[in-house]
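I have opened my notebook on a new model and want to look up a few things in it. Come along and check each entry against the picture.

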Amino acid sequence: MVSSVADIKDPVVVYPSEQKYLQTQFGAYEILMSRFRERLRANRPNNCLVTLGYSYNDEHINEAIIDAIGYKNSNLTVIAFVGPDSSIDEQKKRFQAIEARCDQRFNAYVGNEFHIGDALDYTNTETLLREELWKFENLVNYIAGALV
């Protein structure tokens, strides 16, 4: 039983490193990833994954998402709100490559820079980009109706 931070013997956070992928393949992370995959693959009405601030730089997570979209009878749609990287061109290429593998069910709205995918019409897309919904506080205000 863990009663304080001092009692924790194993790492509880996966820090950015070359070993990050390996660290997430065992123990609690393996269970979490398995449940994440199961939930994404579930054929439920309006099955949608909305991400906020996830850069899509972790291939093992990307593969779980892409796999779920391509899974038999899948109806998963992904909508990503992401801040712009220092290299917009590289970021755009990364999202275009993901979208190309996702049967037109991957949509990314990057800062106020660009979008990938056609989940929304032009007017709604422009609104999302302008409101910078990749910022948590802006997304909350948008959902609450404060930004229109």
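My entries follow, from the overall fold to single residues.

**Ground rules**

I am working with a predicted model, where local features need pLDDT of at least 70, side-chain atom pairs count only at pLDDT 80 or more, and totals for chains, interfaces and linings use all residues. I number residues from 1 along each chain as its sequence is written, and side-chain values use heavy atoms, with hydrogens and water left out.

**Entry 1: the fold**

The protein chain has six helices and four strands. Their order along the sequence is α-α-β-α-β-α-β-β-α-α.

Next I looked up contacts, meaning heavy atoms within 4.5 Å. Of those between residues at least 6 apart in sequence, 54% join residues at least 24 apart.

**Entry 2: surface and burial**

For accessible areas I used the Shrake-Rupley method with a 1.4 Å probe; for residues, only the protein chains shown count as cover. The chain's accessible surface comes to about 9,700 Å², and carbon and sulfur atoms hold 53% of that.

I call a residue buried under 20% relative accessible area, exposed over 50%, and partly exposed in between (1.4 Å probe, protein chains only). By that rule, 33% of the 148 residues are buried.

**Entry 3: the cores**

Which residues touch the most other members of the largest nonpolar core? A nonpolar core here is a set of buried Ala, Val, Leu, Ile, Met, Phe, Trp, Tyr and Cys residues joined through side-chain atoms within 4.5 Å. I found 20 residues in the largest one, and those with the most contacts to other members are Tyr56, Ile65, Leu76, Val78, Phe95, Phe106 and Ala108. At least two core residues come from each of α3 (59-70), β2 (77-82), α4 (88-100), β3 (106-110) and β4 (114-116). Helix α3 gives the largest share, with four residues.

I then found a second, separate core of seven residues, with Ile79, Phe81, Leu128 and Leu139 among them.

**Entry 4: helix α5**

In helix α5 (residues 122-130), I noted Thr125, Thr127, Leu128 and Leu129 as buried. The buried residues of α5 pack against β2, β3, β4 and α6 (136-144). Just past α5, Glu132 has a positive phi of about 50°.

**Entry 5: a buried arginine**

Is Arg94 buried or exposed? Arg94, in helix α4, counts as buried because its relative accessible area is 19%. Setting aside neighbours within four places in sequence, I see Arg94 in contact with Ser55, Tyr56, Asn57 and Asp85.

**Entry 6: salt bridges**

My salt bridges need a side-chain nitrogen of Lys or Arg within 4 Å of a carboxyl oxygen of Asp or Glu. How many does the structure hold? I found seven salt bridges.

One of them pairs Arg37 with Asp67, with the closest N and O atoms 4.0 Å apart. Arg37 is in helix α2 (residues 27-41) and Asp67 in helix α3, so this pair ties together parts 30 residues apart in sequence. Asp67 also meets Arg41, at 2.3 Å from N to O. Arg41 lies in α2 as well, so that pair joins parts 26 residues apart. Together, Arg37, Arg41 and Asp67 are linked in a network of salt bridges. Asp67 is partly exposed at 30% relative accessibility, and so is Arg41 at 29%.

Glu90 pairs with Lys93 at 3.8 Å between the closest N and O atoms. These two are three residues apart in helix α4, so about one helical turn separates them.

**Entry 7: cysteines**

I searched the whole structure for disulfides (cysteine sulfur atoms within 2.5 Å of each other) and found zero. Cys48 is partly exposed at 38% relative accessibility, while Cys102 is buried at 0%.
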